[in-house]
Amino acid sequence: MTAPKPRVVLGVSAGIAAYKVCELLRRLTESGHDVHVVPTADALRFVGEPTWAALSGNPVSTQVWDGVSEVPHVRLGQHADLVFVAPATADMLARAAHGLAGDLLTNTLLTARCPVVFAPAMHTEMWEHPATQANVATLRARGSIVVEPASGRLTGKDTGPGRLPDPAELFEVARAVLARGGVDHDLAGRHVVVSAGGTREALDPVRFLGNRSSGLQGYALARTAVARGARVTLVSANVALPDPAGATVVRVESAEQMRAAVLAAARPAGAAEADAVVMAAAVADFRPADYRDSKIKKSPGTGPEPIRLVQNPDILAELGARPRGDQVVVGFAAETDDVLANGRAKLARKGADLLVVNQVGADLTFGRPDNAAVVLAAEGPPTEIPRGPKEALADTVWDLVAARLKPPAVPLPATT
Ligand code: CTP
């Protein structure tokens with residue numbers, strides 16, 4: 001017997017980004033989800049009913065008055081495994097936050113007992129307006145995930161926060177939330193900082209010393225944290241991957257730039273310190289002592305000049321050593337030999353709460369979609385993570401972090 005398809009209600013409100021949601025729908029249906037699209041009446045001005053019906057293979061309606069005998073306004077929400085609203089306009093967020101129920105989508109939101117995700121898209125002014133921000137806070141406090149919009153080109157000539165994230169990345173959010181099977185968003189209301197990728201240490205304008213890190217593990221950590229409700233700052237060094245939906249991405253190149261960005265995000269001026277910092281990046285231990293302003297040339301007759309190196313700051317050790325409140329600090333250790341012994345020594349040396357130790361070699365870890373590790377804890381037993389997708393490892397890391405987080409000073413309201 002085949003397992004029933006996960007049921008997704010895809011709510012679409014009236015924003016021009018509706019056209020991008022066709023791609024999200026396609027990805028959901030092609031990966032075996034049963035999707036019912038519920039647009040608002042005005043959303044159909046942007047993308048028409050035949051497109052949604054053809055791509056989903058299911059009938060589409062906007063009103064509670066269609067097929068009344070089947071009580072669609074209750075049935076859709078009650079039977080859904082996930083309700084995903086994209087784009088969520090300012091008006092939709094306001095109606096959802098206030099529990100209005102004038103059409104099929106808002107009725108569905110009130111009857112859903114499954115996870116609900118909103119992916120807002122609007123002009124920056126509307127997104128930043130205190131009314132919208134208050135509505136977002138209300139929805140998050142009730143347990144919905146509201147994905148931070150991306151920054152970039154908006155409709156017309158303006159740019160700023162308000163863009164709908166890439167549909168492929170929204171699909172990853174949907175997948176990660178469904179994979180948790182309705183478990184509470186245990187990182188809701190938390191701010192986490194993740195570093196990813198590998199730093200580059202410039203030698204001259206065209207050359208650098210770098211490493212093989214792909215950024216896949218750090219990006220998986222960022223994605224899974226978004227799906228568990230966290231606000232995520234992703235400090236990314238030289239990664240060729242799309243921005244994870246909902247994460248604020250800070251791009252850096254060198255270890256010194258990474259240090260500045262991570263320390264600033266971990267303890268932002270005038271704001272509370274981040275709840276957790278996970279250093280998944282491969283930070284170069286050394287950098288060239290002298291940066292040459294012009295390209296180093298071959299000189300005939302003499303061999304190449306040696307490259308003198310100096311040590312870079314150790315960001316993880318700095319996070320571990322400085323006084324902190326309840327912040328949980330997590331490091332990664334790449335080891336080729338004596339994996340556990342080296343890992344234990346590193347955990348103590350760097351003052352982290354957790355250290356994810358994996359064995360690296362020519363064909364292990366770097367650039368691969370899967371990973372295996374053992375997580376060592378400053379207090380408590382180690383946790384073995386068998387080889388599996390980097391998302392699964394990321395989720396185990398967040399389980400261990402969540403277990404160490406102190407309850408917030410102002411308790412979060414219970415989720416529905
Ligand atoms: N790290 C850091 N700053 C550095 C070097 C490493 O913050 N300058 C962090 C990495 O992000 C990772 C952890 O420290 O979380 C361990 O990195 P690793 O390269 O395994 O350890 P090293 O300190 O470089 O130790 P060694 O090379 O001697 O094994």
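Is N371 buried or exposed? N371 is buried, at a relative accessible area of 1%; buried stands for under 20%, exposed for over 50% and partly exposed for what lies in between, with a 1.4 Å probe and protein chains only.

## Basis of the model

This is a predicted model, in which local features need pLDDT of at least 70 and side-chain atom pairs count only at pLDDT 80 or more, while totals for chains, interfaces and linings use all residues. Residues are numbered from 1 along each chain as its sequence is written, and side-chain values use heavy atoms, with hydrogens and water left out.

## The chain as a whole

The protein chain holds 13 helices and 19 strands. The radius of gyration of the protein chain is 24 Å, close to the 22 Å from the globule rule for 416 residues, so the chain is as compact as a globular protein of that length. That radius is taken over C-alpha atoms, and the rule is 2.2 Å times the number of residues to the power 0.38. Helices (H or I, at least four residues) and strands (E, at least two) are DSSP runs numbered from the N terminus. Along the principal axes, the C-alpha atoms fill a box of roughly 85 × 50 × 50 Å.

Of the 416 residues, 49% are buried. Among contacts with a separation of 6 or more, 68% are between residues 24 or more positions apart; a contact means heavy atoms within 4.5 Å. The accessible surface is about 19,800 Å², and carbon and sulfur atoms supply 54% of that area, computed by the Shrake-Rupley method with a 1.4 Å probe.

## Buried residues in helices

K20 belongs to helix α1 (residues 18–30) and is buried at 15% relative accessible area. Beyond four places in sequence, K20 contacts R163, L164 and P167. The K20 side chain reaches the backbone oxygen of L164 at 3.2 Å, a polar contact (a pair of N or O atoms within 3.5 Å; within protein, one able to donate a hydrogen and the other to accept it, and residues adjacent in sequence count only if both atoms are side-chain atoms). A168, 148 residues from K20 in sequence, has its C-alpha 9.8 Å from that of K20.

R95, in helix α4 (residues 90–97), is also buried, with 17% relative accessibility. Leaving out neighbours within four places, R95 is in contact with T40, L100, D103 and T106.

## Residues in strands

P39 sits in strand β2 (residues 34–39) and is buried at 0% relative accessibility. Apart from residues up to four places away, P39 touches V12, L44, W52, V60, S61 and T62. Between the C-alpha atoms of P39 and D103 there are 9.4 Å, with 64 residues separating the two along the chain.

N371 is part of strand β18 (residues 370–377), and its side chain makes a polar contact of 3.2 Å with the side chain of Q217. Strand β3 (residues 82–88) contains P87. The peptide bond from A86 to P87 is cis, with omega near -10 degrees.

## Positive phi in loops

N238 has phi near 60 degrees, a positive value in a residue other than glycine. N238 is in the loop between β11 (231–237) and β12 (247–252) and is partly exposed at 24% relative accessibility.

D338 has a positive phi as well, near 45 degrees, and is not glycine. The loop between β16 (328–335) and α12 (339–350) holds D338, which is exposed at 58% relative accessibility.
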